[in-house]
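Have a go at each task before you read its solution.

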Amino acid sequence: MTAAMQMPRVEECVVASCAYNHTGDCHAFAITIGSPDHAHCHTFVQLPVRAGVADLIAQVGACQRADCRHNEQLECRAPAIRVGPDNDLADCITYDER
């Protein structure tokens, strides 16, 4: 059996309208990044309530952007990522095309 790798943390999220964003940090258990055309945060949920696990900072569970230099077999290998507006309201700002 292979040991699980350490997933990169969501170091910062500036999308204040996301239910998982409490004070600039993401409290989802894990997030998924990627769309066919850009590095969208698929975990983004715009609701007036705060959700997630209060004592937890999110990690990147999966990244569908195989063209990112941090992506290895659809897993993010960046030390940490930032989420904020780019092509969309909630995108991975750490995304860097190969």
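**Exercise 1. Find the accessible surface of the protein and the share that belongs to carbon and sulfur atoms.**
Step 1: the accessible surface (Shrake-Rupley method, 1.4 Å probe) comes to about 5800 Å².
Step 2: carbon and sulfur atoms hold 52% of that surface.
Before you go on: this is a predicted model, where local features need pLDDT of at least 70, side-chain atom pairs count only at pLDDT 80 or more, and totals for chains, interfaces and linings use all residues. Residues are numbered from 1 along each chain as its sequence is written, and side-chain values use heavy atoms, with hydrogens and water left out.

**Exercise 2. Work out whether the radius of gyration agrees with a compact globule.**
Step 1: a compact globule of 98 residues would come out near 13 Å, and the protein has 13 Å, so the two agree.

**Exercise 3. Describe the largest nonpolar core.**
Step 1: look for buried (under 20% relative accessible area, 1.4 Å probe, protein chains only) Ala, Val, Leu, Ile, Met, Phe, Trp, Tyr and Cys residues joined through side-chain atoms within 4.5 Å.
Step 2: the largest such core has 20 residues, and V10, V15, I31, I33, I81 and V83 have the most contacts inside it.
Step 3: β1 (9-13), β2 (30-33), β3 (59-63) and β6 (80-84) each supply at least two of its residues.

How values were computed. Buried < 20%, exposed > 50% of the residue type's maximum accessible area, 1.4 Å probe, protein only. Helix = DSSP H or I, 4+ residues; strand = E, 2+ residues; numbered from the N terminus. Rg over C-alpha atoms; globule rule 2.2 N^0.38 Å.
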